[in-house]
Amino acid sequence: MISLFNKTLTIKRSVEVSDGQGGWVKQYQDIGQVRGRISAASIAERTAAAQEHAEVSHVVFCDANADIKRGDLVTDGRITIKIIGVRNPSQADHHLECPGVEIQNE
């Protein structure tokens with residue numbers, strides 16, 4: 001699986017920063033990079049997500065030690081995925097599978 005990690009992925013996390021007027025706004029900041037890959041979700045993965053009332057368009061695969069959490073954005077510079085979950089298949093600590101939804105750039 002590790003040999004299939006063919007991209008450098010940037011992980012962004014939501015943080016609150018001052019708006020300069022006494023309030024706070026959420027922004028995404030880069031927290032690091034990992035080797036991984038982004039794949040289109042299979043029909044089975046989309047169907048399973050739909051049964052849980054969730055939408056999945058892609059799955060991000062990366063090393064089990066990656067600092068990645070639900071709500072993070074992951075990009076390879078081409079597409080950006082908002083992570084909706086993080087799974088450690090078979091609890092093997094080999095890799096993570098992170099289903100998500102593609103974010104369209106405006």
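What follows is a conversation about a predicted model of a single chain.

Trainee: Let's start simple: how many helices and strands does the chain have?

Mentor: In this predicted model, the chain has 1 helix and 6 strands, and from the N terminus on these elements follow the order β-β-α-β-β-β-β.

Trainee: And what does the C-alpha trace span along its principal axes?

Mentor: The C-alpha trace spans about 45 × 30 × 25 Å along those axes.

Trainee: What share of the residues is buried?

Mentor: Of the 106 residues in the chain, 38% are buried. As for contacts between residues at least 6 apart in sequence, 48% of them join residues that are at least 24 apart.

Trainee: Which residues touch the most other members of the largest nonpolar core?

Mentor: That core has 14 residues, and those touching the most other members are Val60, Ile68, Val74 and Ile83.

Trainee: Which strands each supply at least two residues of it?

Mentor: Strand E1 (7-18), strand E2 (24-40), strand E3 (58-63), strand E5 (80-83) and strand E6 (95-103) each give at least two residues to this core. Another core, of 6 residues, lies apart from it, and its members include Ala49, Val56, Val59 and Phe61.

Trainee: Back to Val74, then. Where does valine 74 lie, and is it buried or exposed?

Mentor: Valine 74 is in strand E4, which covers residues 73-75, and with a relative accessible area of 1% it is buried. Not counting residues up to four places away in sequence, valine 74 touches Leu9, Thr10, Ile11, Val60, Ile68, Ile79, Thr80, Ile81 and Ile83.

Trainee: What separates its C-alpha atom from that of alanine 44?

Mentor: The C-alpha atoms of valine 74 and alanine 44 are separated by 22 Å, and the two residues are 30 apart along the chain.

Trainee: Which residues is isoleucine 83 in contact with, leaving aside neighbours within four places in sequence?

Mentor: With those neighbours left aside, isoleucine 83 is in contact with Val60, Ile68, Lys69, Arg70, Gly71, Asp72, Val74, Cys98, Pro99 and Gly100.

Trainee: I see a cysteine there. How many disulfides does the count come to?

Mentor: The count comes to 0 disulfides. Cysteine 62 is in no disulfide, and the nearest cysteine sulfur to its own, that of cysteine 98, is 4.7 Å away.

Trainee: New topic: how much space lies in the largest pocket, and which residues are closest to its centre?

Mentor: The largest pocket holds about 260 Å³ of space. It is lined by 13 residues, of which Ala49, Glu52, Val56, Arg87 and Pro99 are the closest to its centre.

Trainee: Which element gives the most to that lining, and how do the residues divide by type?

Mentor: Helix H1, residues 43-51, gives the most, with 3 residues, while the lining as a whole divides into 8 nonpolar, 1 polar and 4 charged residues.

Trainee: What about glycine 85: where does it lie, and which residues does it touch?

Mentor: Glycine 85 lies in the loop between E5 and E6, and at 17% relative accessibility it counts as buried, since the cut-off for buried is under 20%. Leaving out residues up to four places away in sequence, glycine 85 touches Arg70, Glu97, Cys98 and Pro99.

Trainee: Last one: which strand is lysine 7 in, and what is it in contact with?

Mentor: Lysine 7 lies in strand E1 and is partly exposed, with a relative accessible area of 35%. Setting aside neighbours within four places in sequence, lysine 7 is in contact with Val34, Arg35, Gly36 and Asp76. Lysine 7 and valine 34 are 27 residues apart in sequence, and C-alpha to C-alpha they are 8.3 Å apart in space.

Technical notes:
Residues numbered from 1 in each chain as written. Predicted model: local features only at pLDDT ≥ 70, side-chain atom pairs only at ≥ 80, totals over all residues. Heavy atoms only, no water. Disulfide = S-S within 2.5 Å. Core = buried A, V, L, I, M, F, W, Y, C linked by side-chain atoms within 4.5 Å. Buried < 20%, exposed > 50% of the residue type's maximum accessible area, 1.4 Å probe, protein only. Helix = DSSP H or I, 4+ residues; strand = E, 2+ residues; numbered from the N terminus. Contact = heavy atoms within 4.5 Å. 1 Å grid on protein atoms, 1.4 Å probe; cavity = no way out; pocket = protein on both sides within 12 Å on 5 of 7 lines; lining within 4 Å. Points joined across faces, edges and corners; volume = space filled by probe spheres on them. Nonpolar A, V, L, I, M, F, W, Y, C, P; charged D, E, K, R; others polar.
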